[in-house]
Structure formats: structure tokens, C-alpha cells
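Let us walk through a protein model one step at a time. Keep the sequence and the 3D view side by side.

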Amino acid sequence: MGTEGTLITGGTAAEIADSVRSLVERGHLSPGEVLPPVRTLAEQLGVNRNTAVAAYRTLARSGVVVSQGRAGTRVAQRSQVPQEGFAAAGSLRDVGTGNPDPDLIPDLGPALATAAGRGHVLYGEPTIDRDLKGWAREWVALDVPADARDVHLTLTSGAVDAVERLLAQALLRDDTVALEDPCFLASIHLAQLGGYRAVPVPVDAEGMTVDGLRAALDQGARAVVSTPRAQNPTGASLSARRAAALRGVLAPHPYVLVIQDDYFSYLSRRPFHSIVGPEHRRWALVRSVSKFAGPDMCLAVTACDAETAARLEMRLSPGTTWVSHLLQRVTHSVMTDESALSLIERAGAHYAARNATFADLLTSRGLPVEAGDGMSLWVPLPVPARDVAERLTRRGWLVRTGDEFRLEQSEQPSHHLRLTVHDLTEQEAAALASDLTKAVHAAR
């Protein structure tokens, strides 16, 4: 059924959005179906054009529709959303995963045996294991804007869980959150599912931009999510100069929640620079162990101010407040073992070296690339990335384009690829560089 025969109703933006959502849920509007243009819908309903615009924006933020500029607004497809580490590669070689090298993840066997031998933990006991708490406090001590003894620690099931709960305790639906653009896939999903209005803050080689953050705060951002090192997907890390400038921008807004997701910490080749000043009142530093201890080690430490910690604990219901003490003990055992730490250090050096080598390989072939920090490489292209990706598929490679990491739909295609190349052999790397160069020339 076309939208011409489907009755969208409502006199306010909320009512119009609810009407469209109801029509989609009942199957009266199908995935991919084009909705009436804003002007047409406003005339049909007898409302101001801005009301129709606001309704479509609400629907876009919640993932019900997709705005395609001049191509109109369509009901979102019910396809699987992009996920980190996932792609239906089939027979293709997937170089867009963002996954760590399993050979560079510490063996958990000895740690599991040690942890299991310590006996059971019962309800009512401290939720953070004593030994892990001491280690975690040392882990964050130098990077928080307060005396480490006064920092409140909370455990969650990974960094994404921490960020989701931190946003939920600070924001209401339709509140504004400042996110990096291009953005980590999980952060895009969190904003959509929470119904938050995500304001994109551009990222350059030194991290989140000053003008971008200032513009987001001017638009009423009540929370900011920043990646201080190895920004995903760009690999950018905050410089000391940029971090200081961002602290200056945030200084007049001490009650804006600033979340720093330092997910790559132990693997990073760059120093940590905080954007949270000593007088800031609402802040959180999140550090996960999954990138270096393995995705199965789904544990993150969140250090934050007392008020944020209290609210965060309220968001942890009785069923999820308890992060397995077995997992905590395994984490502590791994992160205090010299051989495991040595392997993690080797892993960080390996990822950096392989990215730098591949960047030099592309640069020598006429595609200038600078390797950032992180698990993957952000490759700028002189042509639309989708055109290159299609040609690489025919040559046996599956890649991710920058379009997937955008906060907002755009008529202008991305000119970037994100490549995970650290597990390629020299021959495979040479073949990918050759195929990528040929694909760019063909796309021209």
C-alpha cells in the first residue's frame, strides 16, 4: 500500500511520529516505502512545516525511517545493522572486522584454574572483588580529575554496557548527546535505541574538534562521548594541545556528563590526554579489557564522580549489578601476570607496526595514508568508497566503508575505508594493496 492511501494523522510532531510508527508496526507501511515530502505532509495535516520536519527527525533518531536528502524519507529496511566484528563474508576475505589477533590474546587456562580455586561468592558480599578493585584503582589513578582514593569504581559487562547505562542515567528521550563523527557503531546504535538526539562532532587527526564540540554544547548537549585514543574508526588520538582546548570549551559546562571511552588503553601507542578538567562535576572514565584479554572477557571498569556513580548504580538492577566474580578474578590474574602483560605489549606493537607497514605500502602506490592508533587503518580515497568496495568484492575482499560509521545519512558518499590488516601475510597485504589501487583507478 502506498503512502497516498495510508492515513498519517496527528497535529503535533509526537502524534505524527506515533502515527507513522503505528502504521509501520501494523504493516501498512512497508520497509523501503517512501513517505510524503515534508511540505505535502504538512499540507495534508494542516500543520506547520517545522512540525512535520520534527516528526520525521524523531522517527529517524529512533531508526523507524531513513532520511535520504532529495531522495526523500523512507521506512527503514529491516536488515541487520552493522556490527563490530561481524560481516556476512561468505567466500570473501574479510578485512573489515576490527577483531584482535587470537594468537596475541593471553591464555586464560591458568587464570581460570586460579580463580575457580578461591571458592564461591554469596549474595550480600561486595560486588567488586577486593584484589581487582585495588588493581583497577591503580589503572585509573593517574588519569582521573580527582584523588584516586575519592574515585568511585563500578563494574559493567563491557564498555558498551557502561556507556549505555551512563547515558540512561543522565539523559531523557530526545535529549542531546555529542558523539564523534565518524562514530563507533555501538554508539550510533545506543543513541538510536535510547531515542537521544545525536549531534555529530567532527574528528580530525588530533581527535574531536574544538569547534564541533562547542557547536554541540551550543545545541544543548547534556552528555559527550569521547574516545581519547585509537578513535574507532579513524584511529585518531587526542593530542595534549587538543585535549587542553577541549577542556577549555567544557569549562563553562561542568554539569555536562563527559564519558571518556578509553577502550584501547593497554594496547595504545599514544599517551592518554583527558578532556575533563579538575573542576568538572560529571565525568566517567571507562576502560574495558576485551580488546587485549579477549572478547569473552566482557568486563569494564568505570571510574566516575560520586553523583554519577550513585546514579549509575541505580541503573544496575538486582539482576545485572553483579559482574561475575569468577570473571573478575580471571581478569585480575591475567592483568597481574608478567607473561600475559608481555604478550599484550607485543600485541600493541604488532598492530601498530602492521598498520604502519600497510600505510606505507599504499602510500608508495599513490594512495597516501597515515597510520593512526588502533586495531584498524582508516584509508582516505579520491573516489567514493562504495565504488571501490564493490570492485574489491569482485576481487575477493570484503571491506567496510566510512558510510557505515556516519551519524547521519548524507547524499555525499564517504571517501574512506576501514581496513583490518594486522593478520594478513606479506603476500596477502601486497595483493590487497594492489587490488585496492586497481579498484581506485577503475572507479575514477
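Is C304 buried or exposed? C304 counts as buried because its relative accessibility is 0%. Buried means under 20% relative accessible area, exposed means over 50%, and partly exposed lies in between (1.4 Å probe, protein chains only).

A word on the model. It is predicted, so local features need pLDDT of at least 70 and side-chain atom pairs count only at pLDDT 80 or more, while totals for chains, interfaces and linings use all residues. Residues are numbered from 1 along each chain as its sequence is written, and side-chain values use heavy atoms, with hydrogens and water left out.

Now to the cysteines. A disulfide is a pair of cysteine sulfur atoms within 2.5 Å. A search of the whole structure finds zero of them. C304 is in no disulfide, and its nearest cysteine sulfur, that of C298, is 18 Å away. C183 counts as buried, at 2% relative accessibility.

Next come the helices. Helices (H or I, at least four residues) are DSSP runs, numbered from the N terminus. Look at α13 (residues 338–364) and α15 (residues 426–443). Their axes are 10 Å apart, and the helices pack at about 40°. Axes are lines fitted to C-alpha atoms, for helices over the stretch in contact; angles run from 0 to 180 degrees between N-to-C directions. So α13 is oblique to α15. Angles under 35 degrees count as roughly parallel, over 145 as roughly antiparallel, 65 to 115 as roughly perpendicular, and the rest as oblique.

Which residues meet there? On α13 they are R354, F358, L361 and L362; on α15 they are E426, A429, A430, L432, A433 and L436. Contact means heavy atoms within 4.5 Å.

Another pair is α6 (residues 159–170) and α11 (residues 306–315). Their axes come within 9 Å and cross at roughly 105°. That makes α6 roughly perpendicular to α11. Here R165, L166, A168 and Q169 of α6 meet T308, R311, L312 and R315 of α11.

Finish at V334, in helix α12 (residues 325–335). V334 is buried, with a relative accessible area of 4%. Leaving aside neighbours within four places in sequence, V334 is in contact with P106, L108, A111 and A340. V334 and A111 are 223 residues apart along the chain, yet their C-alpha atoms are separated by 6.2 Å.

Note on methods:
Helix = DSSP H or I, 4+ residues; strand = E, 2+ residues; numbered from the N terminus.
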